[in-house]
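Dear colleague,

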Amino acid sequence: MAEQLIDATKIGNRGHMAGKPRSKLAKFGHRLLVGLPLFMLAVWTFIPFLVTLSVSIKTKIETFANLGLVPQQPTLDAYKEVFTDPNFLNAFVNSVVVGFGTALLTIVIGLPAAYAFARFKFRGRHLLLLFTLLPRLVPSIGILVPIYRLAVATNMLDKRITLIIVYTGTLVPLAVWLMVGFFQQIPREIEEAADVDGANLWDRLRYIVMPLAAPALITIAVLAFREAWNEFTLVLVLTTNPTTRTLPFALFKMGQSEGISNFPAEAAFAIITVLPFILVYTRLERYVVSGLTAGSSK
């Protein structure tokens with residue numbers, strides 16, 4: 001018995017001694033496997049942003065003469081040109097109105113729908129929840145003509161509310177699916193206790209469900225705002241008046257101007273368009289991540 005224990009100890013020591021260099025190699029491989037994609041993702045993300053930022057603080061001549069990232073004579077003239085452009089200010093206001101309107105309407109429609117799927121049992125519930133994703137499966141180019149004809153028939157062209165309604169229609173399925181997973185994680189006992197105390201359905205939604213589901217609601221609002229902020233094709237189809245068009249179309253219009261392209265102004269336009277959203281997103285990032293991962297562990 002003692003000899004067996006001694007042999008086992010020796011074998012264990014050999015295994016430990018033999019496994020030590022393999023452990024270091026495994027750690028290095030793990031770090032390389034995780035770090036290399038992250039490094040490539042960071043380069044892929046930041047290089048275009050740095051190039052755009054560099055171009056935005058160059059003059060028109062230096063844009064063609066100096067291809068490096070560091071400008072020889074940095075200037076903010078391009079930003080002044082963008083801020084004094086009335087088309088930019090009008091498009092910025094339209095984007096803000098359409099973005100917040102889309103986020104608000106998406107939550108107003110998606111919240112009760114998701115709560116019904118998560119809390120009430122009715123025939124065909126799972127099948128109906130699956131069907132809500134069908135609009136997301138249709139290519140956007142395939143719905144342009146029907147939406148345009150519908151907007152013409154209802155006299156809804158060149159109106160910001162039309163963009164808000166259309167964007168909301170494309171985002172509600174995603175919002176419902178995200179919120180259903182989140183609502184299912186909220187214990188039913190909390191609502192049942194409130195029900196015993198006399199709370200009705202609206203009270204439970206207002207004082208219990210919505211505060212607990214705040215990360216999911218913030219996630220939906222951020223995603224909806226981003227979709228409305230960056231969308232271009234529907235703006236091109238549903239608007240013909242510059243007073244109702246949003247920032248992506250204004251940037252497209254600036255690039256279509258005749259003569260030598262004003263790349264610094266276009267780059268400054270892009271930076272001004274993206275920067276507010278990045279600042280807001282960095283403040284809400286933890287809520288967005290928790291909202292997106294909610295329901296994955298259920």
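**Findings**

Helix α11 (residues 214-230) has 17 residues and spans 24 Å from its first C-alpha to its last, close to the 24 Å expected at 1.5 Å a residue; the expected span is 1.5 Å times one less than the number of residues. Helices are DSSP runs of H or I of at least four residues, and strands are runs of E of at least two, numbered from the N terminus. Buried residues of α11 include P215, L217, I220, F225 and W229, where buried means under 20% relative accessible area, exposed over 50% and partly exposed in between, with a 1.4 Å probe and protein chains only.

The model is predicted: local features need pLDDT of at least 70, side-chain atom pairs count only at pLDDT 80 or more, and totals for chains, interfaces and linings use all residues. Residues are numbered from 1 along each chain as its sequence is written, and side-chain values use heavy atoms, without hydrogens and water.

The protein chain has a mean pLDDT (the predictor's confidence in each residue, from 0 to 100) of 83, and 87% of the residues score at least 70. Confidence is lowest in helix α1 (residues 2-56), with a mean of 72, and highest in helix α4 (residues 86-119), at 92.

The protein chain contains 14 helices and zero strands. Of its 298 residues, 33% count as buried. In helix α8, by contrast, 17 of the 24 residues are buried, and the helix is mostly covered.
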